[in-house]
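Here is a short briefing on one protein chain. Look at the structure first, then follow the points by topic.

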Amino acid sequence: MSQEAGEAPAVRSPQPAPRGRLASLPFELQIAGRYLMLRKQGLFISVISAISALGVVLGVAILLVALAIMTGFQGELRARILGALSHLTVFSLSAEGFTDYAEVAEAVGAVPEVEGAAPVLYGKAIALGRRDALVTLKGVDPAREPDVTEFASRMTAGRFADLETVVPGEPPPVLLGEELALGLGVGVGETIRLMVPGGQLTPLGTVPTTRRFRVAGSFRLGLYNYDNAYALIPLGEAQRLTGRDGEASQVEARITDMFEVREREARVLEALGPGYSALNWIDLNTTLFSAFWLEKLATTLFVSFIVGVAALNIVAGQIVTVTEKTRDIAILRSMGATRRSIMALFMAQGAVIGTVGTGLGAVLGIAACRILDGRIRIPEDVYQITAVPFTLLPGDVALVCVFAPLVCFLATLYPARRAASLVVTDALRFQ
């Protein structure tokens, strides 16, 4: 309807300006968010909050990287050790030696969850090529060994199947670790001599047994102790060289789930009956992996202090905020805000710092682990591996992402209680 002449236009009441995304939140969170925002009036407070959040970011990132290094080292070394060793090793308690190894291998291989079983014979020898070296001999069954260890899949020259090729009138084959072959100065097709001490008894004394072998290939497991010292020969040749005809040192087996090896060990011994014993990879490497676990625990505890220092920064920042906002707190209390609301205000501020800092730190730590994985080279003869592995477990990430915000939240309790305990009249009197 049109207005009549001379009538003053209606004046609209001013609408309140929108308060932004914080308008839908409880007033405690709204005020906490304003204190965290960078403004000219609260520049000093905002800088302290930013420094506290940065401390949380760096603490979480460094903690994740440290956990990834320890987990990566343990996992990589375990994988490489189990690539050369078996999951389960069966020994004979007979005084006559392990002569029924073929039947034992068949019986062990028939046990459920056992992927393969193979007899082996270990010994020590001196390898004579262009240079000399002390080696560990391992006599293997070329048809069974690939089901137990990873030598066949780690060949760098030749084929593992060439170990089965024994030509009459020619030296039998031998497979050398890559570093061992380089140390001896020999390649595929060349011959070496293997000398075993304590050989034949002659009128001149004990003469070491020496035989020529043809280098059929080389392997690389990534473990210096194996690549630099192991020589694989056919089981029959190892028996003749060491003078232990018809014997084996042990029967090795691989389990489908290596972490269930103790349960499978009990079933294997039950199937074999009395007269045999067994060792699994966990028992053989208990000292090594216990040391890894202790080192990981100690590293985690020490690096966690970085998060603790960041939490102390939050405490300092909250105390400064309480001091600077004493008048605001008194006004809120006089307007009806309860002590619980004041505590919730400052606890929310610390919780936001901890949550945001943890999220950014987790992203930074995960990205750093993915970028650095395998790029940092280390001496292989010292650490058994050539590069630093970074392996982050989901459980470790979840633990850190729960631990860091919790520490930051607990750090806010003292400043929040101090803010809630302010007396309104005293706070306003000195403002």
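Ser86 touches Val148, Glu252, Ala253 and Trp281, leaving out residues up to four places away in sequence. This is a predicted model. In it, Ser86 sits in the loop between α2 and β1.

- Is Ser86 buried or exposed? Ser86 counts as buried, because its relative accessibility is 4% and the cut-off for buried is under 20%.
- The side chain of Ser86 makes a polar contact of 3.1 Å with the side chain of Thr89.
- A polar atom of the Ser86 side chain also lies 3.1 Å from the backbone oxygen of Leu88.

**Tyr122 in strand β2**

- Glu252, one of the residues that Ser86 touches, is also touched by Tyr122.
- Tyr122 is found in strand β2.
- Tyr122 has a relative accessible area of 22%, so it is partly exposed.
- The side chains of Tyr122 and Glu252 are joined by a polar contact of 2.9 Å.
- Not counting residues up to four places away in sequence, the contacts of Tyr122 also include Thr136, Leu137, Lys138, Tyr230 and Arg244.
- Ser249 is another residue that Tyr122 touches. The two are 127 residues apart in sequence, yet 6.2 Å apart in space, C-alpha to C-alpha.

**Aromatic pairs**

- How many aromatic pairs does a search of the whole structure find? The search finds five.
- One of them is Phe98 with Tyr276. Their ring centres are 6.3 Å apart and their planes are at 50 degrees, so the pair is tilted.
- This pair links distant parts of the chain, 178 residues apart. Phe98 is in the loop between β1 and α3, and Tyr276 is in strand β10.
- Both Phe98 and Tyr276 are buried.
- Tyr226 and Tyr230 form another tilted pair, with 4.7 Å from centre to centre and 50 degrees between the planes.
- Tyr226 is buried, with a relative accessible area of 12%. Tyr230 also counts as buried, at 12% relative accessibility.

- Which residues are buried in α3? Tyr101, Val104, Ala105 and Val108 are buried there.
- These four cover an arc of only 100 degrees around the axis, so they lie on the same side of α3.
- The buried residues of α3 pack against several strands, β1, β2, β9 and β10. They also pack against the helices α6 and α7.
- Glu113 lies in the loop between α3 and β2.
- Glu113 is not a glycine, yet it has a positive phi of about 75 degrees. Most residues other than glycine have a negative phi.
- Glu113 counts as partly exposed, at 38% relative accessibility.

**Nonpolar cores**

- The largest nonpolar core holds 69 residues.
- Which members touch the most others? They are Val108, Leu176, Leu194 and Leu232.
- Helix α2 (residues 43–84) supplies the largest share of this core, with seven residues.
- Leu194 has contacts well beyond its sequence neighbours. Leaving aside those within four places, among them are Ile126, Ala127, Val135, Phe213, Ile233 and Leu241.
- Leu194 is also in contact with Thr209, Thr210 and Arg211.

**Cysteines**

- How many disulfides does the structure hold? The number is zero.
- A disulfide is a covalent bond between the sulfur atoms of two cysteines.
- Cys369 is buried, with a relative accessible area of 4%. Cys408 counts as buried too, at 0% relative accessibility.

**The chain as a whole**

- The chain has 15 helices and ten strands.
- Of its 431 residues, 44% count as buried.
- Take the contacts between residues at least 6 apart in sequence: 75% of them join residues at least 24 apart.

Definitions and conventions. Residues are numbered from 1 along each chain as its sequence is written. This is a predicted model: local features need pLDDT of at least 70, side-chain atom pairs count only at pLDDT 80 or more; totals for chains, interfaces and linings use all residues. Side-chain values use heavy atoms; hydrogens and water are left out. A nonpolar core is a set of buried Ala, Val, Leu, Ile, Met, Phe, Trp, Tyr and Cys residues joined through side-chain atoms within 4.5 Å. Buried means under 20% relative accessible area, exposed over 50%, partly exposed in between (1.4 Å probe, protein chains only). Helices (H or I, at least four residues) and strands (E, at least two) are DSSP runs, numbered from the N terminus. Contact means heavy atoms within 4.5 Å. Rings of Phe, Tyr and Trp (its six-membered ring) pair if their centres lie within 6.5 Å; planes under 30 degrees apart count as stacked, over 60 as edge-to-face and the rest as tilted. The arc is that of the directions from the helix axis to the C-beta atoms. A polar contact is a pair of N or O atoms within 3.5 Å; within protein, one must be able to donate a hydrogen and the other to accept it, and residues adjacent in sequence count only if both atoms are side-chain atoms. A disulfide is a pair of cysteine sulfur atoms within 2.5 Å.
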